[in-house]
Amino acid sequence: AISDTSLRIGETANVTFTFSEPVTGFNNADITVENGFISAVNSSDGGITWTATYTPNANVQDSSNIITINNTGLTDAAGNTGSGTTSSSNYTIDTKRPTASILMSDDALIAGETSHVTITFSEVVSGFTTADLTVANGSVSGLSSSDGGMTWGATFTPTNNIESSANIITLDNAGVADAVGNIGSGSTSSLNYSIDTKRPTASITLSDTSLSIGETAN
């Protein structure tokens, strides 16, 4: 029996092995564990009930897992050896943190232009807002998802009167969580984009500002 059959990052489960009678010879070598490991088995009632702690492996998404005992590794008080195997019920593991990519439709913006920004996560996430984005020399608006939270779109508007060749949008991954509550880690950055929203200006000077008959001026 497993105390938690749906494990995420940071979680462990108590595993209880209950035999029909006291047994000896039972140890971790008799146990096959999928996508994780268990601590040393221990019995406090003379060998009928044994317990251990299961810890899932990191960075795993698997909905089909079992723990299996090889019963031939143990004997009862009379020396009878077990036969066959015993398996737990199924348990699921999701120890993958959500990750993301950021893509801009236009990476060279001039005055009057905007760019569509697409943020694509490795899985459906919640909690994502524009507060999770750091935007260089501009702003994003209209953040929304049309597929339940995996792909998000927004509009980037550059700041006016700027000339900058080095800009990125950065996502704080810790602001999002997947369906089981795993929180993202670190940050994700877009590729570089350039901005030139400075319009050309001019000046006019005359070499002579007081002209009489016969004079010209540059």
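Let me start with the pocket. β2 gives the most to the lining of the largest pocket, with 4 residues. Strands here are DSSP runs of E, at least two residues, numbered from the N terminus. A pocket is an open set of points on a 1 Å grid over the protein atoms alone, where a 1.4 Å probe fits, with protein on both sides within 12 Å along at least five of seven lines. Lining residues have an atom within 4 Å of a point.

Some ground rules. This is a predicted model, where local features need pLDDT of at least 70 and side-chain atom pairs count only at pLDDT 80 or more, while totals for chains, interfaces and linings use all residues. Numbering runs from 1 along each chain as its sequence is written, and side-chain values use heavy atoms, with hydrogens and water left out.

Back to the pocket. Its lining includes Ala1, Phe17, Ile67 and Ser88. Two or more residues each come from β2 (13-18), β9 (67-70) and β11 (85-87). The lining divides into 6 nonpolar, 5 polar and no charged residues. Gly counts as polar in that scheme, and Asp, Glu, Lys and Arg as charged.

Next, the cores. A nonpolar core is a set of buried Ala, Val, Leu, Ile, Met, Phe, Trp, Tyr and Cys residues joined through side-chain atoms within 4.5 Å. Buried means under 20% relative accessible area, exposed over 50%, partly exposed in between, with a 1.4 Å probe and protein chains only. The largest core has 22 residues, and Ile119, Phe121, Phe128, Phe156, Ile169, Leu171 and Tyr193 touch the most other members. Strands supplying at least two residues each include β15 (115-121), β18 (138-145) and β19 (151-158). Apart from this core lies another, of 20 residues, among them Leu7, Ala13, Val23 and Val60.

Take Phe121. Leaving aside residues up to four places away in sequence, Phe121 touches Phe128, Trp152, Leu171 and Val176, among others. Contact means heavy atoms within 4.5 Å.

Now a loop. Ile162 sits between β19 and β20 (163-167). Which residue is 35 residues from Ile162 in sequence and 5.1 Å away, C-alpha to C-alpha? That is Thr197. Ile162 also touches Asn137, Ile195, Asp196 and Lys198, among others.

Last, charge. How many salt bridges does the structure hold? There is 1. The cut-off is a side-chain nitrogen of Lys or Arg within 4 Å of a carboxyl oxygen of Asp or Glu. Glu11 pairs with Arg8, the closest N and O atoms being 3.6 Å apart. Glu11 is partly exposed, at 24% relative accessibility. Arg8 is partly exposed too, at 32%.
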